[in-house]
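Please read the points below alongside the sequence and the coordinates.

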Amino acid sequence: MEKKEIKDWGETEMLEFLKKDGLEEWKKRFQGWFLGLICNFGELARALSSKQPELGINKRDILCVEIAGLCHDLGHGPFSHLYDGIFIPKAYAKHEDASLLMFDHLVKDNGLKPLMKLYGLDPYGNEENDLKFITEMIQGKPLTEAQVEWPYEGRKEEKSFLYEIVANKLNGIDVDKFDYLARDAYHLGMQSNFDHKRFIMLARVCEVNGRKRICSRDKEVGNLYDMFHTRNCLHRRVCQHKTHKSIEIMISEAFLEADEHIEIEGSGGKFKLSEAKDDMEAYTKLTDQVFETILHPWSSSPKLEKARKILERIVSRNLYKFVGETKVCSKVLMSLYYIWFVMAGDHLVTFDYGKKDEDPIKNTYFYSKDEPTKGFKISDNQKSKLIPTTFSEKIIRVYCKNAEKVNKDVRDAFKDWCKEKKYLAEPQVIFRYSMLKVQLDDEDGDLK
């Protein structure tokens, strides 16, 4: 059997699309991202192996980490979190479950087990099963401190720290986050104060309550808070920006309108847009191109007219109008309902440090210069007094489908509603800020 590169293990839909359409420059960028992704996930494992050879990290371990890092997001549908988080919020408990199904399909459909053997991997082993190890890292099961029994089969307990590299459910400090924070901040022109290379340089594996964990140097606690702060900034300025969310809401509504009229061929027959997730062959064909399929009348059914009109509004920047937003406490959200007039809808946005209301550093271990083999938690008096005291906030945003309906009366009604519900501690200040943004948007004719 011919030995292939990992990137040729069943050519991805994206590479096929780029090749077919002759977009060679984009293909080069995609392949560059691909190779960079693999290197990033292997970098931490190689650094730990170099500093601490007694850990027994071998080439098999590193290759498995790289493959898991490459495949851990396979389960995302079109437009990533929009599909599995907004369009079908109950599709999976988390997209990692779909990634496991997709990876399993990839292995079976391409007969990869024999190919893995050519790379020195063992997909059949009892003591150390590389295939199970990869799938366990993709799923990212949280390994809690109270867990006495070792829950994994891919690696023995002495290599427990390897499960923290790809998807660390304990505190969220993992290479997946390092990768997208650095990449997104760079392409968005944002300044990121978090230095992931410094984290990797200073990371060590220490014994903590009888189990090996990746620990950071105690003086690096500020660097880690910078990482979570950068994540929060990305969500505020981009991922959950009010205009971004308006577009996401519109795309999800277009998908709902098109759901009954799009058929995707899979191994078990034909599937609707919302059903493709249940058949991995169909799911591999469900790419962002579905947007173009709906948008262009010459390639789609007249039954898609309603969905097409929504997408045409996005292309022409005739977006759902942002009315305003208000901060609320989580207890109040239990009584959340749609707001007073039919043409508006509300949208809940959460900003946090990745662990909901919890300080992620509470589940993070450190070591000191004097005791580099002993892991411990940082006490509150060792942390900077400038760190946040609250790590999560929820915001209700109100949008109107008809921009012409959004006038001073509507905004005043929203302001009165906020006061009535006691959602705003200082309604005038927050509302004036929202009003200022709306006025600025109206002056130049565009939404910022």
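Asn209 is found in the loop between strand 1 and strand 2, where helices (H or I, at least four residues) and strands (E, at least two) are DSSP runs numbered from the N terminus. The model is predicted, so that local features need pLDDT of at least 70 and side-chain atom pairs count only at pLDDT 80 or more, while totals for chains, interfaces and linings use all residues. Residues are numbered from 1 along each chain as its sequence is written, and side-chain values use heavy atoms, with hydrogens and water left out.

**Positive phi angles**

- Although Asn209 is not a glycine, its phi is positive, at about 50°, and with a relative accessible area of 70% Asn209 is exposed (buried means under 20% relative accessible area, exposed over 50%, and partly exposed in between, with a 1.4 Å probe and protein chains only).
- Arg317, which is not a glycine either, has a positive phi of about 65°; Arg317 lies in the loop between helix 14 (305-315) and strand 5, and is partly exposed at a relative accessible area of 40%.
- Most residues other than glycine have a negative phi.

- Three strands form an open sheet in the order 1-2-7, with mixed pairing, where two strands pair if DSSP finds at least two bridges between them.
- Strand 1 (204-208) and strand 7 (366-367) are at the edges of this sheet and have a single partner strand each, so one side of each is left without a neighbour in the sheet.
- Strand 2 and strand 7 run parallel and are joined by two bridges, with Arg217 standing opposite Tyr367 in strand 7.
- Strand 5 (residues 321-328) pairs with strand 8 in the antiparallel sense over seven bridges, and the bridge partner of Gly324 in strand 8 is Val398.
- Strand 8 (residues 392-400) is mostly covered, as seven of its nine residues are buried.

**Helix 3 and the cysteines**

- Eleven of the 13 residues of helix 3 are buried, so the helix is largely enclosed by the rest of the structure; Cys64, one of the buried residues, has a relative accessible area of 0%.
- The structure holds zero disulfides, a disulfide being a pair of cysteine sulfur atoms within 2.5 Å.
- The closest cysteine sulfur to that of Cys206 is in Cys215, and at 3.9 Å it is too far for a bond; Cys206 counts as buried, at 1% relative accessibility.

**Cavities**

- The whole structure contains two cavities of 30 Å³ or more, a cavity being a set of points, on a 1 Å grid over the protein atoms alone, where a 1.4 Å probe fits but cannot get out, with lining residues having an atom within 4 Å of a point; grid points are joined across faces, edges and corners, and a volume is the space filled by probe spheres set on the points.
- The largest cavity holds about 130 Å³ of space, and of its 17 lining residues the closest to its centre are Glu164, Asn168, Asn171, Ile173 and Ile214.
- Strand 2 gives the most to the lining of the largest cavity, with four residues.
- The second largest cavity holds about 80 Å³ of space, and its lining includes Lys141, Tyr152, Glu164, Asn168 and Arg213.

Conventions:
On a 1 Å grid over the protein atoms alone, a cavity is a set of points where a 1.4 Å probe fits but cannot get out, and a pocket is an open set with protein on both sides within 12 Å along at least five of seven lines; lining residues have an atom within 4 Å of a point.
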